[in-house]
Amino acid sequence: RPDLAMSLNNLATMLSAVGQREPALEAAQEAVELYRDLSAANPAAFRSNFAASLNTLALRLNEVGQLEQALEAAQEAVSIRRDLCAANPAAFRPNLAASLNTLANRLSNVGQREQALEAAQEAADLHRDLSASNPAAFRQNLAKSLNNLANALGDVGRREQALEAAQEAVDLYRNLSSANPAAFRPNLAISLNNLGNRLSEVGQHEQALKAAQEAADLYRDLSAANSDA
């Protein structure tokens, strides 16, 4: 059963990647049901996997527009990972940070903007600490968290702070992309799009245009190489 649950969780992610959203959701739900039973019988062994499957389920529910259910799954994942992190921070802080990012996005989708900002800020703070101690492992996670934080700050009207977070995310992704273009150029393009929006919001229209142009140029190159993706 543990192997089946893990395989279903992986299958959900793979189905989603090729656009099969309903089958992906079914697989994610089955994985959660299996892990819920396994965790109830043996929490020490399976609570971490259960939380991971809830995180996957939150993403799959969001993809099919079940926003409230996605939020519930994300909240349960954070609750479990917060408990695990309290007992073993070294092992579970990265997982908690990832779940907080997911939660921030789900809260934003249902209009809970202040709560979304709190979750996004906590995720960014965790990833900043993790990146400080292990940049090679966590700089990309910090960049992702900063992009989320920029959006959350923008949603509550804190435009200058949103711009700072977006700029930092671009700087990080630019460095990552220079070292590994194949892995990080798509992320750089996403963060440049975000930076363009943040610059526009504070009236820096020429700089916004430059960021948007660079994002479009990157996407044009990426699309030429892999149009389906």
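User: Why is Asn 194 called buried?

Analyst: In this predicted model, Asn 194 has a relative accessible area of 7%. Buried means under 20%. The value falls under that cut-off, so Asn 194 counts as buried.

User: Where is Asn 194 found, and what does Asn 194 touch?

Analyst: Asn 194 is found in helix H9, residues 181-201. Leaving out residues up to four places away in sequence, Asn 194 touches Asn 147, Ala 150, Asn 151 and Ala 166. Contact here means heavy atoms within 4.5 Å. Asn 147 and Ala 150 are themselves among the buried residues of H7.

User: How far apart are Asn 194 and Ala 211, in sequence and in space?

Analyst: They are 17 residues apart in sequence. From C-alpha to C-alpha, the distance is 8.7 Å. Ala 211 is one of the H10 residues that meet H9.

User: Which residues meet in the contact of H9 with H10, and how do they divide into nonpolar, polar and charged?

Analyst: On the H9 side, they include Leu 188, Ile 190, Leu 192, Leu 195 and Leu 199. On the H10 side, they include Ala 208, Ala 211, Leu 218, Tyr 219 and Leu 222. The contact divides into 13 nonpolar, five polar and three charged residues. Arg 185 in H9 and Glu 214 and Asp 221 in H10 take part, and Arg, Glu and Asp count as charged.

User: Why are H2 and H3 called roughly antiparallel?

Analyst: Same test. H2 (residues 21-41) and H3 (residues 43-63) have axes that cross at roughly 160 degrees. The cut-off is over 145, so the pair is roughly antiparallel. The axes come within 8 Å. This crossing is left-handed. The residues of the contact divide into 15 nonpolar, five polar and five charged.

User: How do you know that His 127 is buried?

Analyst: His 127 has 4% relative accessibility. The limit for buried is under 20%, so His 127 counts as buried. His 127 is found in helix H6.

User: Which residues are in contact with His 127, beyond those within four places in sequence?

Analyst: Pro 94, Ala 97, Ala 98, Asn 101, Asn 141, Leu 142 and Ser 145. Ala 97 and Asn 101 are among the buried residues of H5. Leu 142 and Ser 145 are among those of H7.

User: What makes the reach of H7 close to the expected one?

Analyst: H7 (residues 135-155) has 21 residues.

User: What do the buried residues of H7 pack against?

Analyst: They pack against H5, H6, H8 and H9. Phe 138, Leu 146 and Leu 153 are among these buried residues.

User: What is the reach of H5, and what do its buried residues pack against?

Analyst: H5 has 21 residues and reaches 29 Å, close to the expected 30 Å. Its buried residues, including Phe 92, Leu 100 and Arg 106, pack against H3, H4, H6 and H7. After H5 comes Gly 111, with a positive phi near 85 degrees.

Conventions: Residues are numbered from 1 along each chain as its sequence is written. This is a predicted model: local features need pLDDT of at least 70, side-chain atom pairs count only at pLDDT 80 or more; totals for chains, interfaces and linings use all residues. Side-chain values use heavy atoms; hydrogens and water are left out. Helices (H or I, at least four residues) and strands (E, at least two) are DSSP runs, numbered from the N terminus. Buried means under 20% relative accessible area, exposed over 50%, partly exposed in between (1.4 Å probe, protein chains only). The expected span of a helix is 1.5 Å times one less than its number of residues. Axes are lines fitted to C-alpha atoms, for helices over the stretch in contact, and angles run from 0 to 180 degrees between N-to-C directions. Angles under 35 degrees count as roughly parallel, over 145 as roughly antiparallel, 65 to 115 as roughly perpendicular and the rest as oblique. A crossing is left-handed if the near helix is turned anticlockwise from the far one by less than a right angle, and right-handed if clockwise.
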